[in-house]
Structures are given as C-alpha cells and as structure tokens.
Amino acid sequence: MGTFSRPIIVLSRCLEMEACRWNGDVIRSTVVRELEPYVDYITTCPEVAIGLGVPRDPIRAAWNGDMLHLIQPATGRDVTEEMTQYATDFLDSLGAVDGFLLKSRSPSCGVKDVKYYHSAEAKAMVKEKGSGFFGGEVWERYSHKAIEDEGRLLNFTIREHFFTRIFTMARCRQLRQHGSMKDLVQFQAENKYLLMAYNQQYQRILGRITANPERLPWDEVVAAYEKNLGEALAEPPRFTANINVLQHCMGYFSDQLSRSEKGFFLDSLEQYREGKIPLSVPVHILRGYAVRFEEEYLLQQTYFQPYPAELVSITDSGKGRDR
Ligand code: SF4
C-alpha cells in the first residue's frame, strides 16, 4: 500500500471554496480542506449558476398543492424550472466521478435534511424534510456512490466510511480505465479483508466476477465488478463485522505477542466495541504488528489503510456510531 488514486468529488462551492452563500458567506469545513491535497474537486454553486446573485434573498423548497417548488419568498420568484434544468444539464455532462460532498440543509444542494415548507408564504411552517433540488437529482442518479454532506462528516464513523468508499472506488475506476484481468485479481485479493468487513455476500459475488468462468470480455467484467463493488460498499460495516476481521487478523500474530501486548490490543477492541474510539485505532495497532513481524500479506490489505494516513483523525461530533 502507499499510493492512492485521486477520487473525483463533486463539491458544493460554498464549502471552503467561494463566498457564494445567499448572505455572502463561505462555510468552513475542515474535512474539505483536509481532503483537498488528495482528491480532485469539481465545484458547483447551482444557485449562482441559474443567475441568482451574491448576496441574494434566500430561497426555500415549498409545497404548492402537490408540487414542490423552489421559491424566493421575498420576490415571489419561482426558480423550480431553472434549477431542475441546471441539475439535469450538470449531471448529464459530468464524466467519471467517485463521490459527492454537498452542503447540508440547502434547498438546492441538500441531500436529505432540507426543510419543505407548507407554502411559499414567508411565515409558512415546515411540513417535512427531504432532499434539495440539485442534491435530490444527485441521489436519484448516483445512489450507488458516496454522497455526504459536511455536517454528517463530523462523525468519525461516517467519515471513515466516506473516505474508504471514495478511495476504493477511485482505485477501481483507475483499474477500469487502465487495468487488466491480472490487476483485477490483485485488486480483489488486496481488498479481501475490507470486503469481508463490509459485506461477505458481495465479497463472494465479486470473487465470482473476478474468476470470470464464462470468459467474458474485459469491459463487461470490469463494469460488473465496479457496479457490485459500489453496492458492496453502500453501507458501513457493522462494528461486529470489523471486530470479526480484526480478531481474525490478530490470529497472524497471537503466538508472537506478549500477554500485555495482547491485552493492550483487546482493550482497544473493547473500546471500539463500546464506540469510544474509531476503527482506525485498533487497525493502526494491528498494522504496527504487521510491520514488526513483516507480515507481507496483511500489509498489502487495503483494510489496514483504505485511505491516506494523513486523513485519519479521531475528532468527532459526538453523535456516536450509526451501526
Ligand atoms: S449550498 Fe449549494 S447553492 Fe447554496 S451556496 Fe452552497 S453551493 Fe451554492
């Protein structure tokens, strides 16, 4: 392990890149800055792109009968059509992409937590929440890709999952563009423990695709592999699945470690089980053992470093573990 393919990420431009919010603000996001040296961002501000200036009166998603509209209450302007058209045009022209990092709660970019108002009236109450007009179209087309907002990425479990997905999918995309059957076999082998943790059913499906018993052409094989890999990584691994893999890997060293070293590792596993520390902590300890005992097979496993080490951070919003 060592070099990582650069994920291509579509980013809401107001996240660190430009002061294009309705009130002229830029949103600070540590994760956007930390990722910047390792990814290629494609930025967009859909509201500026459809001609709403900066600053501008805010817009909101509001019901009009049974149709959801994008309205600027202060002016009465309805920009539903422009925004829908922009989302269609932007995504139609988008090339290969590995993930999306969008602004939370925005009626344009938001993915899931956007307020839908009862009506366009300035004082209307919130009826429910859903996706924004651009974020919703992203979700419709790319549900098999990593799509997150900056707010959710404050949680270390969600962040680990997002990073793992984008770097794994970027490597698979490189493989599709420049690789061979031999490279695919190696990719599958190096992701053995990662896939074991994520989804053992998909691990078997991917193994069958790699074996290619029907001698299908490369393009077909790698396309099927990429699609199924995206599905395999859709949900973060359950913490019990990670513990399983970690214990399994610990078996490589159990005869070589002292009682206190084993105790130290088992303590960290327990803290991980209780959600007090992120996965990266016990993984890092095991990786240290793999280096010390020159366990080459484990050192090649992406599970031990699915994304650049510089991105490992244990800061957390305190919201705890989802799974
Ligand atoms: S949330 Fe989206 S539309 Fe709103 S300012 Fe940010 S990039 Fe622009």
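This is a predicted model: local features need pLDDT of at least 70, side-chain atom pairs count only at pLDDT 80 or more; totals for chains, interfaces and linings use all residues.
Biologist: Which residues of H3 are buried?
Modeller: Met 83, Tyr 86 and Ala 87 are the buried residues of H3.

Biologist: How are they arranged, seen down the axis of H3?
Modeller: They fall within an arc of 100 degrees, so they line one face of the helix.

Biologist: And which exposed residues does the face turned away from the buried side carry?
Modeller: That face of H3 carries Glu 81, Gln 85, Thr 88, Asp 89 and Asp 92.

Biologist: What do the buried residues of H3 pack against?
Modeller: They pack against H2, strand S4 (67-72) and helix H4 (133-142).

Biologist: What should the span of H3 be, and what is it in the model?
Modeller: H3 covers residues 80-92, which is 13 residues, and at 1.5 Å a residue it should span 18 Å. Its end C-alpha atoms are 18 Å apart, which agrees.

Biologist: Let me step back. How many helices and strands does the protein chain have?
Modeller: The chain has 13 helices and nine strands. Its C-alpha atoms fill a box of roughly 75 × 50 × 35 Å, taken along the principal axes.

Biologist: What percentage of the residues is buried?
Modeller: Buried residues make up 37% of the 323 residues in the chain.

Biologist: And of the contacts between residues at least 6 apart in sequence, what share joins residues at least 24 apart?
Modeller: The share is 67%.

Biologist: Where is Thr 30?
Modeller: Thr 30 is in helix H1, residues 30-35. It counts as partly exposed, because it has 13 C-beta neighbours inside 10 Å.

Biologist: Next topic, H8 and H9. At what angle do they pack?
Modeller: Helix H8 (residues 200-211) and helix H9 (residues 218-232) pack at about 170 degrees, and their axes are 10 Å apart. H8 and H9 are therefore roughly antiparallel to each other.

Biologist: Which residues make the contact?
Modeller: From H8 there are Tyr 202, Ile 205, Leu 206, Ile 209 and Thr 210. From H9 there are Val 221, Ala 224, Tyr 225, Asn 228, Leu 229, Glu 231 and Ala 232.

Biologist: How do those divide into nonpolar, polar and charged?
Modeller: Nine are nonpolar, two are polar and one is charged.

Biologist: What about Lys 227, is it buried or exposed?
Modeller: Lys 227 lies in H9. It is exposed, with 12 other C-beta atoms within 10 Å. Lys 227 and Leu 206 are 21 residues apart in sequence, and their C-alpha atoms are 9.8 Å apart in space.

Biologist: What is the phi of Glu 294?
Modeller: The phi of Glu 294 is near 50 degrees, again positive in a residue other than glycine. Glu 294 sits in the loop between H12 and helix H13 (296-299). With 8 C-beta neighbours inside 10 Å, Glu 294 counts as exposed.

Biologist: Last one, H11. Which residues are buried there?
Modeller: Phe 265, Leu 269 and Tyr 272. Seen down the axis of H11, these buried residues fall within an arc of 55 degrees, so they line one face of the helix.

Biologist: What covers them?
Modeller: The cover includes helix H10 (239-250) and helix H12 (280-292). The face of H11 turned away from the buried side carries the exposed residues Arg 259, Ser 260, Gly 263 and Asp 267.

Biologist: And what comes just after H11?
Modeller: Gly 275, which takes a positive phi of about 75 degrees.

Terms used. Residues are numbered from 1 along each chain as its sequence is written. Axes are lines fitted to C-alpha atoms, for helices over the stretch in contact, and angles run from 0 to 180 degrees between N-to-C directions. Helices (H or I, at least four residues) and strands (E, at least two) are DSSP runs, numbered from the N terminus. Angles under 35 degrees count as roughly parallel, over 145 as roughly antiparallel, 65 to 115 as roughly perpendicular and the rest as oblique. Two residues are in contact if their C-beta atoms, placed from the backbone, lie within 7 Å. Ala, Val, Leu, Ile, Met, Phe, Trp, Tyr, Cys and Pro count as nonpolar, Asp, Glu, Lys and Arg as charged, and the others, Gly among them, as polar. A residue is buried if 20 or more other C-beta atoms lie within 10 Å of its own, exposed if 12 or fewer, and partly exposed in between; C-beta atoms are placed from the backbone. The arc is that of the directions from the helix axis to the C-beta atoms. The expected span of a helix is 1.5 Å times one less than its number of residues.
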